[in-house]
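Dear colleague,

Please find the structure below, handed over for your review. My notes on it follow.

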Amino acid sequence: MGIEIERKFLPHGDGWRGLGQPTLMRQGYLVADPVRTVRVRIEGERAVITIKSKTTGASRGEWEYEIPVPDAAELLDRLCEQPLVEKVRHRIAHAGHTWEVDEFQGENAGLVVAEIELGSEDEAFEKPDWIGREVTGDPRYYNSSLIRLPYSKWKDPA
């Protein structure tokens, strides 16, 4: 079992734009509840199915397996909850870490979230100057929550 330790932030300004390589992602959920998620994702020319356990603090169990892209496309279209989460991910290297900035599209257009994966919950890291408020513990920002309540329907957007 892998452990994912991830912290989420809202970027401020556009200092992140133009950094890193953008990759289009489509993802959907076969299961999305507070105890477990089963996600299907197509990222560029690669597809994976990912199983995640309940989040405790900033950590959760994670298992990920590559699957054929045509199978992933069929799962996304036929079995995953709708709407799908569509986003452009920008991977940006900064001070020994990689930040993943997700620029959401579709029903979540206007939402931008920056994430960093760490080796431990107390690992020190340097924030780029374009990183703003932390939203790690706010479930509205979980991708699995965005299928039930897309950003376009938030009464109090970020």
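**Surroundings of N143**

Leaving aside residues up to four places away in sequence, N143 touches K8, Q27, Y29, V85, K87, F104 and E115 (contact means heavy atoms within 4.5 Å). The model is predicted: local features need pLDDT of at least 70 and side-chain atom pairs pLDDT 80 or more, while totals for chains, interfaces and linings use all residues. Residues are numbered from 1 along each chain as its sequence is written, and side-chain values use heavy atoms, with hydrogens and water left out.

N143 is buried, at a relative accessible area of 8% (buried is under 20%, exposed over 50%, partly exposed in between, with a 1.4 Å probe and protein chains only). Its side chain makes a polar contact of 3.2 Å with the side chain of Q27 (a pair of N or O atoms within 3.5 Å, one able to donate a hydrogen and the other to accept it; residues adjacent in sequence count only if both atoms are side-chain atoms).

**Backbone features**

The peptide bond from Q82 to P83 is cis, with omega near 5 degrees. P83 lies in the loop between helix 1 (69-78) and strand 6 (DSSP runs numbered from the N terminus: helices are H or I, at least four residues; strands are E, at least two). A95, in the loop between strand 6 and strand 7 (97-104), has a positive phi, near 50 degrees. A95 is partly exposed, at 47% relative accessibility. Most residues other than glycine have a negative phi, and most peptide bonds are trans.

With kind regards
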